[in-house]
Amino acid sequence: CEAGSLAQVRHVVLVLSGKGGVGKSTITTELALALRHAGKKVGILDVDLCGPSIPRMLSVGRPEVHQCDSGWVPVYTDAQKSLALMSIGFLMEDPDEAVVWRGPKKTALIGQFVSDVAWGELDVLLVDTPPGTSDEHLAVLENLKKHKVDGAVLVTTPQAVSTGDVRREITFCKKTGVRILGIVENMSGFVCPHCSECSNIFSKGGGEELAKLTGSVFLGSVPLDPLLSASIEEGKDFAQSFPDSSTFSAISTISQTLLNSLQTD
Amino acid sequence: SEEVPYCPGTSSEEAGKSASCQGCPNQQLCASGATKAPDPAIAEIGEKLSVVKHKILVLSGKGGVGKSTFSAHLAHALASDGTKEVALLDVDICGPSIPRIMGLEGEQVHQSGSGWSPVYVEDNLAVMSIGFLLGSPDDAVIWRGPKKNGMIKQFLRDVDWGQLDYLVIDTPPGTSDEHLSIVQYLSSTNVDGAVIITTPQEVSLQDVRKEIRFCQKVKLPIIGVVENMSGFVCPKCKNTSQIFPPSSGGAEKMCADLNLPLLGQVPLDPRIGRSCDEGKSFLQEVPDSPAAEVYRRIVQSEFISISHITFLS
């Protein structure tokens, strides 16, 4: 197995939002798939202890995880080992069992996760987080301090109720010295598959306004697309299934912009 | 039997000693017995909230399914009966949405001899949230568990609610400090139960099942489940799209499997989000929307009499 933990990981990107349910895990998964589609070696660290969604989104089921001399061996989604994943979901015997832990225990486990996974060589490690600005987020940062954190991508939906929370997350980044790589607006309009009418189900424009307000880069918008929701639901690779869709084009553009900003560092 | 990862609670007999305590930085402290003295606040809260007839928690394992939207509109619906005193408590410390949704952004709370005064939306509808304690919309509450727990204790013990018919408590997603604290601090009171919110897709349900397990573990009765974002009817062509597909049967199947009441299925309506952003009640703004109709039915049916409560055995 691979040596070291984060030593051979070129870039570490946190995916954050103050708000729940905006699509952090979806965007993390899609960015990972897009980056892989573009030939990069990618890893995902899922530190959402209460609601680990990534294993389902990548169809990895409930594999057994084991340790080698350098730490936990991540789960690979394919034989070529192009996409690696470590999630708390893998440590739970019963997928319906709740992880009912208070802060200190969450902090301790995240510490292990961050330091003790044998990622090997990766171009990008994406870290999916739960919503908020609490124990998990502080734990991730404290443990990543020894390595480089390139920065964070913030996910929001267009609504004020969402951007209102993401503003606070931006403050969290500023206070903890995390560079804001940019803002992604998810659920950005719904195009009716029957008549092509666009409905702004979760309002409009909030992502760009937030970027302007806080002096951040606006990375782009991803629409509400039932084909994307279905892919995520079924753990299918949207990049492979619908590479010509405008949704994938949007995700691909975002991933390219992200990659460019990481590589010019 | 398989060890379940569960913090037994700092004041439990198992504190520091249970197998789940291995690896927790507080293990020694708990095992020493220092944390075991019962928190006097629990009895104080029991006393204080004895004049609250009904307490309803709104929970979900999953974020962004509409807990705050539901809590706010439940409070509005209950308060539409002018003879009832209603209060809405927001214990989402990191992401307090309730002030905006209730049209109370920028309001501040003040203290008096009898405690903190909540903010009133109507004469009979009071609201409390950490949002009212923050100076600016950019202020982040970067608190670890123990500090969040302290805030929740204060909200329950020190807010001058007065006599209430209904106290609705909105929570953040998950099964962590906030949820354990709310249940522990309310343990000397009677809580009617929890309404669980979900959306149709399995990605949500898989988290919601955990929340249901949590309720079971802490013996919190479940009043029922509400499925939000249940289909979208295009305003132009009137065709329905399942934007969040119920690929594993949605809340309907989950409720059937777990023997829980499905209180209602609320469709997606862009006007709901808009009302929330503008701090208005969509029950008042768009009373003839199908979503508003479902909400009214939910509140009027099993709910308002709270005489029909399901226990998970």
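**Exercise 1.** Leaving out residues up to four places away in sequence, which residues does A:Cys195 touch?

*Solution.* The model is predicted.
Step 1. Set aside residues up to four places away in sequence; A:Cys195 then touches B:Cys234, B:Lys236 and B:Cys237.
Step 2. Check the record. An unreviewed UniProt entry gives the feature "binding site" at A:Cys192 and A:Cys195.

**Exercise 2.** Classify A:Cys192 and A:Cys195: is each buried, partly exposed or exposed?

*Solution.* 
Step 1. Take the cut-offs: buried means under 20% relative accessible area, and exposed means over 50%.
Step 2. A:Cys192 has a relative accessible area of 2%, so A:Cys192 is buried.
Step 3. A:Cys195 has 23% relative accessibility, so A:Cys195 is partly exposed.
Step 4. Locate A:Cys192: the loop between strand E10 (190-191) and strand E11 (198-199) of chain A holds this residue.
Step 5. List its contacts beyond four places in sequence: A:Glu197, B:Cys234 and B:Cys237.

**Exercise 3.** Which residues touch the most other members of the largest nonpolar core?

*Solution.* 
Step 1. This core has 90 residues. B:Phe155 and B:Trp161 touch the most other members.
Step 2. Find the main contributor. Helix H3 (residues 67-79) of chain B supplies the largest share, 7 residues.
Step 3. Inspect B:Trp161. Beyond four places in sequence, its contacts include B:Leu49, B:Pro118, B:Met128, B:Phe155 and B:Leu167.
Step 4. Note a second, separate core of 79 residues. Among its members are A:Val42, A:Leu122, A:Leu138 and A:Leu210.

Terms used:
Residues numbered from 1 in each chain as written. Chains lettered and ligands numbered in written order. Predicted model: local features only at pLDDT ≥ 70, side-chain atom pairs only at ≥ 80, totals over all residues. Heavy atoms only, no water. Core = buried A, V, L, I, M, F, W, Y, C linked by side-chain atoms within 4.5 Å. Buried < 20%, exposed > 50% of the residue type's maximum accessible area, 1.4 Å probe, protein only. Helix = DSSP H or I, 4+ residues; strand = E, 2+ residues; numbered from the N terminus. Contact = heavy atoms within 4.5 Å. UniProt positions renumbered as here; feature names shortened; annotations may be inferred.
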